[in-house]
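I opened this model to see how it is put together. My notes follow in the order in which I looked things up.

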Amino acid sequence: MRMTSSTIRTRWSPKRDKATPQHRRAAKAAAAVAAGALALSLTACGGDGDSGGGSQGTAEETADNVTLPKLDGTSLEIAAVWTGTEQANFKKVLQEFEKRTGAKVTFVPAQDPIINFIGSKVAGGQPPDIAMLPQPGAIKQAVDKGWAKPLGSDALKELGENYSQGWQDIGKVGGKQYGVYYKAANKSLIWYNNQVFENAGASEPETWPDLLNTAQTVYDSGVTPFSVGGAEGWTLTDWFENVYLSQAGPDKYDQLAQHEIKWTDPSVKDALTTLAQVWGKPDYIAGGANGALQTDFPASVTQVFTGGDQPKAAMVAAGDFAQVNIPSTMKVGTDAKVFPFPAVGDNGPVVSGGDAAVILEDSKGAQALATWLASPDAAQIQAKLGGYLSPNKNVPNSAYPNAVQQKIAKALIGAGDDFRFDMSDQAPQAFGGTPGKGEWKILQDFLKNPKDIAGTQAKLEAEAAAAYGD
């Protein structure tokens with residue numbers, strides 16, 4: 001995850017190393033409920049002509065629900081991989097913290113994988129005070145290396161009041177709270193250009209066969225069906241995880257996420273075979289495989305919503321945060337619409353992810369900043385700006401700028417603890433979160449050659465075994 005992978009992917013419970021059959025049956029039922037809630041909420045808003053535009057005036061301009069200390073003269077640094085609009089919007093959250101406390105906060109642009117960036121800063125004796133870490137595995141690595149510091153009582157109080165137990169638990173290591181999940185993402189979505197669909201006579205699909213039919217209908221109208229940001233490997237893991245979770249089910253998902261089963265398992269073969277039904281058709285992907293591998297995530301979204309009646313593609317599988325890359329000329333909910341990732345198996349997938357604030361340099365100021373990021377006040381500021389989703393249950397739904405985002409946020413909060421977290425974000429960084437390596441690189445190679453399913457499985461298993469140490 002980054003917005004770039006902030007992701008909402010569904011996740012295992014960190015309170016257990018092995019999922020019991022009872023846990024897994026409950027998880028499967030919960031995933032089905034959550035998927036149904038998401039499908040209903042998005043369907044309800046998909047045709048709402050009033051869903052675009054801001055509803056910013058319906059929320060308080062400046063909420064004041066958190067107590068912060070005076071920090072005049074304090075300088076802090078916070079590192080994240082966010083760029084562009086996402087970074088600019090987050091800086092507005094930091095500016096409000098500065099206004100309330102008198103502290104000075106500098107945003108430090110980090111490279112992906114951020115854990116390697118942080119390691120270099122620690123080695124140089126200049127770590128940022130806080131880092132926004134997008135993977136539970138990265139939080140654990142920071143704790144294991146002695147970099148991360150536990151959250152203090154004020155931050156814990158905010159977490160307890162504002163977050164479900166599941167979102168608290170994924171920020172824990174060894175029973176101690178280290179992370180504040182400030183940003184979440186729903187990764188089980190497909191955005192589409194409504195004008196293209198109308199011109200083609202296409203409809204929103206509910207199942208994978210429906211999606212293939214819709215893609216063919218769009219293709220027959222003269223528009224390429226899919227845009228894929230394959231230059232960033234995490235977008236490809238999102239495709240895989242949605243297919244795998246729906247097709248193989250939550251039990252298998254949990255097992256593969258913890259490497260309890262191998263990547264050579266037949267369930268992985270089935271998922272790759274399903275993916276190849278799209279990836280194996282170059283005419284279905286804007287620019288073909290080579291073009292996709294040169295397309296970054298922001299461009300993969302933008303090219304769906306530019307070009308008038310002839311955009312480069314009609315659809316893009318992307319999280320809720322894709323909204324920041326949709327041109328302002330396209331009204332969300334009217335011109336730019338969204339539907340849940342179609343069901344491959346019995347139930348549609350609900351995959352989530354997020355970015356957690358982790359303290360590296362413990363101080364009064366750093367603890368206050370972590371407390372601020374755990375508050376509804378901070379999240380509400382960025383919620384109003386769009387392209388952002390908070391797991392904080394006390395952010396007013398009216399803070400989100402359009403009906404589509406409001407429905408997505410409501411579904412997330414309504415799901416409570418019933419979600420699966422991004423599988424690659426659960427994996428060791430070397431396998432699931434490093435550009436040009438591990439799962440990212442292997443799936444990029446698979447996009448180029450989707451016929452090599454057995455070879456892809458073998459490579460995934462070899463890399464996973466090395467990363468997990470087994």
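**Overall.** I began with burial: 61% of the 470 residues of the protein count as buried. Buried means under 20% relative accessible area, exposed means over 50%, and partly exposed is in between, with a 1.4 Å probe and protein chains only. The model is predicted, so I note that local features need pLDDT of at least 70 and side-chain atom pairs count only at pLDDT 80 or more, while totals for chains, interfaces and linings use all residues. Residues are numbered from 1 along each chain as its sequence is written, and side-chain values use heavy atoms, with hydrogens and water left out.

I then looked up the secondary structure, which comes to 21 helices and twelve strands. Helices (H or I, at least four residues) and strands (E, at least two) are DSSP runs, numbered from the N terminus. Next came contacts, meaning heavy atoms within 4.5 Å. Of the contacts with a separation of 6 or more, 80% are between residues 24 or more positions apart.

**Cores.** Which residues touch the most other members of the largest nonpolar core? I found Phe97, Trp191, Leu369, Trp372 and Leu373, out of 91 residues in that core. A nonpolar core here is a set of buried Ala, Val, Leu, Ile, Met, Phe, Trp, Tyr and Cys residues joined through side-chain atoms within 4.5 Å. Helix α15 (residues 364-373) gives the most to this core, with six residues. Another core, of 50 residues, lies apart from it; Ala257, Val278, Leu447 and Ile453 are among its members.

I followed Leu373 further. Beyond its neighbours within four places in sequence, Leu373 contacts Ile78, Phe90, Val93, Met132, Tyr163, Val180, Tyr182, Ala357 and Ala378.

**A sheet.** I traced an open sheet of four strands, ordered β8-β9-β7-β10, with mixed pairing. Its edge strands, β8 (226-227) and β10 (336-340), each pair on one side only. Two strands pair if DSSP finds at least two bridges between them. Between β7 (residues 189-193) and β9 (residues 315-317) there are three bridges, in the antiparallel sense. Ile190 is the residue opposite Ala317 in β9.

**Helix α4 and its two ends.** The peptide bond from Asp112 to Pro113 is cis, with omega near 5°. I kept this one in view, as most peptide bonds are trans. Within α4, I list Ile114, Ile115, Phe117, Ile118 and Gly119 as buried. The buried residues of α4 pack against β1 (75-80), β2, β3 (130-133), α5 (136-144) and α19 (429-432). After α4 comes Gly125, with a positive phi near 75°.

**Gly102.** I went back to the loop between α3 (84-101) and β2, where Gly102 is found. Not counting residues up to four places away, Gly102 touches Leu71, Asp72, Gly73 and Phe97. Thr74 is 28 residues from Gly102 in sequence, yet the C-alpha to C-alpha distance is 7.6 Å.

**Helix α11 and His259.** Six of the eight residues of α11 are buried, so α11 is largely enclosed by the rest of the structure. I noted the buried ones as Pro250, Tyr253, Asp254, Gln255, Leu256 and Ala257. His259 sits in the loop between α11 (250-257) and α12 (266-279). Its phi is positive, near 55°, and His259 is not a glycine. His259 counts as buried because its relative accessibility is 9%.

**Asp422.** I placed Asp422 in the loop between β12 (420-421) and α18 (423-426). Asp422 counts as buried, because its relative accessibility is 0%. A polar atom of the Asp422 side chain lies 3.1 Å from the backbone nitrogen of Asp425.

**A helix pair.** Last, I checked α20 (residues 438-448) against α21 (residues 453-468). They pack at about 170°, with axes 10 Å apart. Axes are lines fitted to C-alpha atoms over the stretch in contact, and angles run from 0 to 180 degrees between N-to-C directions. The two helices are therefore roughly antiparallel, a term for angles over 145 degrees. In α20 the contact is made by Gly438, Glu439, Ile442 and Phe446, and in α21 by Ile453, Thr456, Lys459, Leu460 and Glu463.

Notes
Polar contact = N/O pair within 3.5 Å; in protein donor to acceptor, adjacent residues only side chain to side chain. Parallel < 35°, antiparallel > 145°, perpendicular 65-115°, else oblique.
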